[in-house]
Amino acid sequence: MSWFARGKFGPRIQQIISSNGTNKRILPLQYNFQYCRLCGENHSTRHYSGLPHGRHQAKLLINPKLTTAIQIRQLGWVPVVLRSVLKIRYLLLGGAVGGGASLAKQYEEWKKGLPDTDWLKEMIPEVDIDKFRQGLIGFKDTVKGKVGELEMDPKLKEAGWEKYAEFKVWFDKRLDAAIKKVEEEEAEEDAKKVELNKETFTTLNSLTAEYNRLKNSLPERPKLSIPEVPVVTAFSLTNTNPDTKLLDEKTKEIEESAALIQEKEKQLLEKDEKIAQEKKKAEQEREKNTVLARKLESAQEELMRTQIKYQKEIEKLEKENKELRKQLLLRGKQVTISKQIKKSLIDMYSEVLDELSGYDSSYNTADHLPRVVVVGDQSSGKTSVLEMVAQARIFPRGAGEMMTRAPVKVTLSEGPYHIASFKDSNREFDLSNEAELAELRREVEIRMMKSVQSGSTVSSDVISMTVKGPGLQRMVLVDLPGIISTVTAGMNPETKDSIKALATQYMSNPNAIILCIQDGSVDAERSNVTDLVSTMDPAGKRTIFVLTKVDMAEQNLANPDRIRKILSGKLFPMKALGYFAVVTGRGNKEDSIQDIKDYEEEFFQKSKIFKGGIVNSSQITTRNLSFAVSECFWKMVRDTVEQQADAFKATRFNLETEWKNNFPRIRELDRDELFEKARGEILDEIVNLSLVSPQTWEDSLGKKLWERVSQHVFENIYLPAAQTQSSGSGTRQISPHNRSGTFNTTIDIKLKQWAENQLPIKSVEIGWETLQEEFHKLMEKAKKGKEHDDIFDMLKGAVVDTAMNGHMWEDKASEMLRVIQLNTLEDRSVPDKQQWDGAIRFLEESLYEKVRANDENLRQVVGPGWYERWTSWKSGTPEQKARNATKGELEKLLTAESDHGPHLSYEEITTVRRNLATQGVEVDNEAIRETWYLVNRRHFLQRALQRCHDCKRGFWMYHQGLENELDCGDTVLFWRIQQMLRVTANALRQQVMNREARRLEKEIKEVLEEMSQDKESKTKLLTGRRVLLAEELKRVRQIQEKLEEFIKALNTGGHD
């Protein structure tokens, strides 16, 4: 009965029972209906229908309207009661079976009307509802509270950390809303189940109560033997459907379905109980974890307070220790007279590295000594880390642009005062003074810019710096330019490759400690340095990883566990000895080191990263980083320095053997020593220049002076004046009794113009050229000596040329010479016969030289003479033959008129051409003039030589004033020229010996001093295997000695 009440007709039966008060007659005996609203026909048969009607899904009974009174048979009360009981049985069983059959029929018709959906089985997999539900619940518990760990879309991260944070908040809200909605649906489902169970229970109770009421209301039945009516008989009385078997099967299926549903509900109840138990356990675990988290947070806060207190105590003790060490160091300086303080180990080690910085050996003895190489991407904070370690802001600062353009070697050492100095400078910068600190930064920037003057963006030249101060950790660090991924405008195209090659060169040292700096405020995927470091040190045996800008990283990262992965070495592909997180500033350039330390301490005290136990306390602060790097540095030094010393010892032996085999009798001199030796030889040559005799100077100056002015004297003074005199037929004489008046007047005018304008300047030039020639003669003479070493030739020549190119003769020298030369040229009185004869010889030598030069030019024009033609079998060209014929005609003209002027008239040229035409020779006017110049010049010079021969005996007549009887004006001219040359040579000799030689010596010394500081010039001018071998041998000896000294101190005194 209970299963029937819970079935599909339960609600209708409840309605029938509850309507007992209104319809008194439930099962009438007879019906007389007029019109049926269900089928539209007139009949008196009751309908059984499972079709929906009104608000009910299936009405078991439909009462049509009655139109006539019901007839009741009066058979007595016993049959009436029995009939009522049988009618109830009939009603219940028949209605159930008939309604089920009708429902089954309607279901089959509806099923046949549906489209074929078998293809969906192939497209949609079978889903276990229970498993899917459990999976959703498990996903809810897994995702809840762990949204920050989800890997988000990289495009969302590229949009910026603000968008990422907004999306995180939105996602958390949506997730919480979804979880709340699921919980509400579960609660609503549980409420529905409870209500359904309650309603079912109420229905059963109502049915049971009604059944008992009817049973009790019936009178006691008579004791008759009434056979039980079979169900089939009752069914057959009212149902005429032939598909009785089908109805039985459908009824059985309905019963099985009801049992299956009951089993499913039981399973669901059990699952709900298990879920409730799991929720209860989870809630208990959550409360337990919350309590443990509170205890852990309080313990971490207590640990942080203890650590900060401990660190402050340590800093206090360190300050006291610094003061004590400062006093000890100062006291040690005061007693240096009695006992000299030894160098610290780090200073000794730094000197060794300085020696190795420029070392390049052909024996492959590479520099494998340890140092800390600081590498990182540009603007990653590597320079700031180095400043924190050095406890001073010693480097230039920029806003994103490249500031480190060359390797900077910083040697950290302990000292009483906080100071910094450069290797090649004696100045010490006080790092506690802001003004000097700013000057230090400017000096570093200037040195970097000087190193890249050749047009490159970065340089490999090392800037060596030493920083001393109380409490500094002793070590040597090298700050390299930041690695870039893109070459921007203004950079050399090879900048990216140059920076990478420079970093690779330093990291390729197997004993170098790599301090890898990574910017924590940017995505790890954008890092360039980690791949490079992992390539150079795959095992991470000498790498220390430093994550900078952790404060910015904590603000930007939604998942702090990412920082934990970085500092545990699980995010980057590289491995390392240790991982550190530091804060190197707040972005304010004006912050001091102490301000940054305070900010770093405050940040880590309040940081969620440390409070959550994500980072170990030993992995934070630059102070812990300094200790770790220093310890690793000295361990590497102790492990490798002796091997390097042995390698340099072997290299020294090889170099010494090569020197003995190739240069057995030559002393080992490096470039500096060779330069000093060359300096001494050059200065000796200058001393020898002052030992040149005055007569030698005057002869050289006079000879050189005449060579330079003879052309001007002949072509611009003597020949024009003499030819004007010879062509004096049309010229008015000053006096009819003085034939030389015109010649002398012309000579005086031209000599004065020459002496006032050109002659003094030309004389100074000649004096300077003579000084150079004499100095070079002395150097050439020195080269022929037995002790000459040709290795100095290039250096000596470069020094002398540089000094002489920069030498300038004194300005007042030309003014002094002008006065002397004018006074000398104005004197026309030859004092004695000796000077007269000297002037004639001087004139004859000059004329003979000019005649030889003129004859050579004439021979080139007219061709070989008859003697040369017969003896050497040479013949002239047709042009030369025409010129030779022209020469003959012109000589005839001069024979006819010996005093002919320097130029031919038009009539004379026409006459010559006609005469040549008669001989069959055709020449033009220009050829005639060119030939005339040479023929007339030779004729004039021969006549001048003849006058010289006549004037040799004319001194007495000249001395008596009888010049009109003898034409010797040209002799007097050359005497005046000769006197001018002698006086000028004497004046120049005095200037050279008294002034210019000393000035030249001073300039040479200055050039030598400049070159002594110029390593590039010395390397260029002092070359050869001998020099290179001596350089390497000296450097290897120095390195080996310093290394042995360092090893001895390291083994005896530690690194204090």
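In the predicted model, Phe 545 has Tyr 579 in strand E9 as its bridge partner. This contact belongs to the pairing of strand E8 (residues 543-548) with E9, in which four bridges join the two strands in the parallel sense.

Both strands are part of an open sheet of nine strands, arranged in the order E4-E3-E5-E2-E6-E1-E7-E8-E9. The two edges of this sheet are formed by strand E4 (429-430) and strand E9 (578-581), each of which pairs on one side only. Pairing within the sheet is mixed, and strand E5 (residues 463-468) illustrates both senses. With strand E2 (residues 408-413), E5 pairs in the parallel sense over six bridges. In this pair, Ile 463 of E5 lies opposite Val 408. With strand E3 (residues 419-422), E5 runs antiparallel, and four bridges join the two. Here Val 467 of E5 has Ala 420 opposite. In a regular strand, side chains alternate between the two faces of the sheet.

A further feature concerns charge on the surface. Glu 1006, Glu 1010, Asp 1014 and Glu 1016 together form a negative surface patch. Of these residues, Glu 1010 is located in helix H32, which spans residues 969-1013. Glu 1010 is classed as exposed because its relative accessibility is 59%, and the cut-off for this class is over 50%.

Terms used:
Residues are numbered from 1 along each chain as its sequence is written. This is a predicted model: local features need pLDDT of at least 70, side-chain atom pairs count only at pLDDT 80 or more; totals for chains, interfaces and linings use all residues. Side-chain values use heavy atoms; hydrogens and water are left out. Patches are made of residues with over 30% relative accessible area and no salt bridge: like charges are joined within 9 Å, nonpolar side chains (Val, Leu, Ile, Met, Phe, Trp, Tyr) within 5 Å. Accessible areas come from the Shrake-Rupley method with a 1.4 Å probe; for residues, only the protein chains shown count as cover. A salt bridge is a side-chain nitrogen of Lys or Arg within 4 Å of a carboxyl oxygen of Asp or Glu. Lys and Arg count as positive and Asp and Glu as negative; His and the chain ends are not counted. The place of a charge is taken as NZ of Lys, CZ of Arg, CG of Asp or CD of Glu. Buried means under 20% relative accessible area, exposed over 50%, partly exposed in between (1.4 Å probe, protein chains only). Two strands pair if DSSP finds at least two bridges between them.
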